[in-house]
Amino acid sequence: MTTPDQAPSGSTVYKGRGATYDPHNRFAPTHSVAEDEGWWQVEVSTTIATEVREEVTKSALSWNRSPDLPFDRSLNPYRGCEHGCVYCYARPSHAYWDLSPGLDFETKLIARSGLVERLTEELCHPNYVCRPINLSGNTDCYQPLEAKHQTTRQLLELLLECRHPVTLVTKSTLVLRDLELLAEMAEHRLVRVFVSLTSLDANLKRTLEPRAASPQARLRAIRELNTAGIPVGALISPVIPGLTDHEIEKLLEAASRAGARTAAWMLLRLPYEVAPLFEAWLEAHYPERAAKVMSLMRQCRGGKAYDATFGKRFRGEGVFADLIAQRFARASRQWNMQDRTEQGLNTWDFRPPRAQQDLFF
């Protein structure tokens, strides 16, 4: 039986997908294991189609009390993410829907219906206190699914109408579809956009983040957002020791030249099933570096693949993690990058969505 900390041998590289297998759902009461009995079998296809189902939303906002996060509430229009980033810390959440954090996470997606209506109700609650909402707290709100469903756009329209501030993180150029809407929000100091940058190596990106935008496309998005007057920053995440950490200075330079004015970084996180998924990906695509990368990760995590302790989970600890932090700070000063912050967004003009209409009833 495969446990959450070990990957099966003989993982398969699937076209346009990050995960190489489906780890077991840790909440399932039973596990099944395929055994080769020597009989002839049909060859498994290396292409997997994307499936989408809808979920009727019962609540909109997700709340957190993490001291590591600059926001206390978030919105997630979709569950799972077709970008297929193999390192995604959100993968384990798919187990809550009786799906695997592996291939299921990027091929069996859930679109949340009724989200705008639920958010409207929650913003109208008499005890609601306005503070910035983060879009994409779990999965990317501008993943390919958004082109059809447009839930993110509808949410932004609602937030603009009621003058509610929002921050969003994406690695998709689909954000440019809403350029005029975001620019109008920026005029009222209601929005900040962060574009996630992992590497400038297009070949690495193709397997690490198979269906996300290319590095150059993301830099173009930063440039166009900045030109439109929208506050935009770069999120250098995740920094992967032994694989992408050597690009920190180049990433910050490229982001600054494109128009980013703020920057933040996060160390690779490998919670639950993500660790064996990432190790299997390393063995499939970078076998010569696999041992070194995982050794450096454990050096940054107190000897483990992951440490979820507040204050450590985003930055790690130890000599190598400290070196990354120093390099990032120095490069940020060189390119005049400010720290990521939600301060300065306008919370004073918030008005509940139905406040004006209620006057006529």
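Student: Which residues in H8 are buried?
Tutor: Ile248, Leu251, Leu252, Ala254, Ala255, Ser256 and Ala258 are the buried ones in H8. "Buried" means under 20% relative accessible area, "exposed" over 50%, and "partly exposed" in between (1.4 Å probe, protein chains only). One word about the model before we go on. It is predicted, and local features need pLDDT of at least 70, side-chain atom pairs count only at pLDDT 80 or more, while totals for chains, interfaces and linings use all residues. Numbering runs from 1 along each chain as its sequence is written, and side-chain values use heavy atoms, with hydrogens and water left out.

Student: What covers the buried residues of H8?
Tutor: The cover includes strand S8 (191-197), helix H7 (215-227), S9, S10 and H11. These labels are DSSP runs numbered from the N terminus: helices are H or I with at least four residues, strands are E with at least two. Just after H8 comes glycine 259, with a positive phi of about 120°.

Student: Why is H8 called roughly parallel to H11?
Tutor: Let's start with the values: H8 (residues 248-258) and H11 pack at an angle of about 30°, and their axes are 9 Å apart. Axes are lines fitted to C-alpha atoms, for helices over the stretch in contact, and angles run from 0 to 180 degrees between N-to-C directions. Under 35 degrees counts as roughly parallel, over 145 as roughly antiparallel, 65 to 115 as roughly perpendicular and the rest as oblique. The angle of about 30° therefore makes H8 roughly parallel to H11.

Student: Which residues in H8 meet H11?
Tutor: Ile248, Glu249 and Leu252 in H8 meet Ile324, Arg327, Phe328, Ala331 and Ser332 in H11. Contact here means heavy atoms within 4.5 Å.

Student: What makes the pair of tryptophan 265 and phenylalanine 328 tilted?
Tutor: Rings of Phe, Tyr and Trp (its six-membered ring) pair if their centres lie within 6.5 Å; planes under 30 degrees apart count as stacked, over 60 as edge-to-face and the rest as tilted. By this rule there are 4 aromatic pairs. For tryptophan 265 and phenylalanine 328 the centres are 6.4 Å apart and the planes stand at 45°, so this pair is tilted. Tryptophan 265 lies in strand S10 (residues 262-267) and phenylalanine 328 in helix H11 (residues 319-334), so the pair ties together parts 63 residues apart in sequence.

Student: Why does tryptophan 265 count as buried?
Tutor: Its relative accessibility is 3%, so tryptophan 265 counts as buried. Phenylalanine 328, with a relative accessible area of 7%, is buried as well. Another tilted aromatic pair is formed by tryptophan 281 and tyrosine 286, at 5.5 Å centre to centre and 45° between the planes. Tryptophan 281 has a relative accessible area of 0% and is buried, and tyrosine 286 is buried at 15%. Phe278, Trp281 and Tyr286 form one aromatic cluster.

Student: How do you know that the charged end of arginine 269 sits over the ring of tyrosine 89?
Tutor: A charge sits over a ring if NZ of Lys or CZ of Arg is within 6 Å of the ring centre and within 35 degrees of the ring normal. The charged end of arginine 269 is 4.5 Å from the centre of the tyrosine 89 ring and sits over it. Arginine 340 lies over the face of phenylalanine 194, also 4.5 Å from the ring centre.

Student: Why is H2 called roughly parallel to H4?
Tutor: H2 and H4 pack at an angle of about 25°, with axes 10 Å apart. That angle is what makes H2 roughly parallel to H4. Leu115, Val116, Leu119, Thr120 and Leu123 in H2 meet Thr151, Gln154, Leu155, Leu158 and Leu159 in H4.

Student: Is aspartate 98 buried or exposed?
Tutor: At 66% relative accessibility, aspartate 98 counts as exposed. Aspartate 98 is in the loop between strand S4 (78-79) and helix H1 (103-107), and has a positive phi of about 60° although it is not a glycine.

Student: And why does glutamine 150 count as partly exposed?
Tutor: Its relative accessibility is 33%, so glutamine 150 counts as partly exposed. Glutamine 150 is in the loop between helix H3 (146-149) and helix H4 (151-161); its phi is positive too, about 55°, although it is not a glycine.
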